[in-house]
Amino acid sequence: MANRIPPSLMWLINKRARLAGEIIQTKKALHKVQHIVSKLRNLEKSLETIDSSLKLHDIQVDLENIKPIRPQTYRMKFPRGYISRYVMEYLISRIGNFPVL
């Protein structure tokens, strides 16, 4: 006969596992935020460099009149394997039916 784990101990084990999972998830999110912050700092430094170069030019340009242009590229970010999993589910659901177009 196997030893039975008391419910109070099992609750503590589950609670610890959930907390450890949240810590890992939060650390990953923190790493992403730190990467974004460092990217923002690099972009701001580049902008300051260009602004200082514009100020040195003979023809003075008012920097406030230069309107920002948003990047034209937009990539949808899906979790890894998200699209291929749904494509496979769709193809499997069509097995035995008419051909997939």
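## Ground rules

This is a predicted model, with local features needing pLDDT of at least 70, side-chain atom pairs counted only at pLDDT 80 or more, and totals for chains, interfaces and linings using all residues. Numbering runs from 1 along each chain as its sequence is written, and side-chain values use heavy atoms, leaving out hydrogens and water.

## Overall shape

The protein chain has 2 helices and 0 strands (DSSP runs: H or I of at least four residues, E of at least two, numbered from the N terminus). Its radius of gyration is 27 Å, well over the 13 Å from the globule rule for 101 residues, so the chain is more spread out than a compact globule. That radius is taken over C-alpha atoms, and the rule is 2.2 Å times the number of residues to the power 0.38. Along the principal axes, the C-alpha atoms fill a box of roughly 90 × 55 × 15 Å.

Buried residues come to 0% of the 101 (buried is under 20% relative accessible area, exposed over 50%, partly exposed in between, with a 1.4 Å probe and protein chains only).

Met88 sits in helix α2, residues 82-93, and is partly exposed at 47% relative accessible area.

The structure holds 1 aromatic pair. The ring centres of Tyr82 and Tyr86 are 5.0 Å apart with planes at 70 degrees, so this one is edge-to-face (centres within 6.5 Å; under 30 degrees is stacked, over 60 edge-to-face, the rest tilted). Both tyrosines lie in helix α2, 4 residues apart, or about one turn. Tyr82 is partly exposed at 30%, and Tyr86 is partly exposed at 41%.

Key: Phe/Tyr/Trp six-rings, centres within 6.5 Å; stacked < 30°, edge-to-face > 60°.
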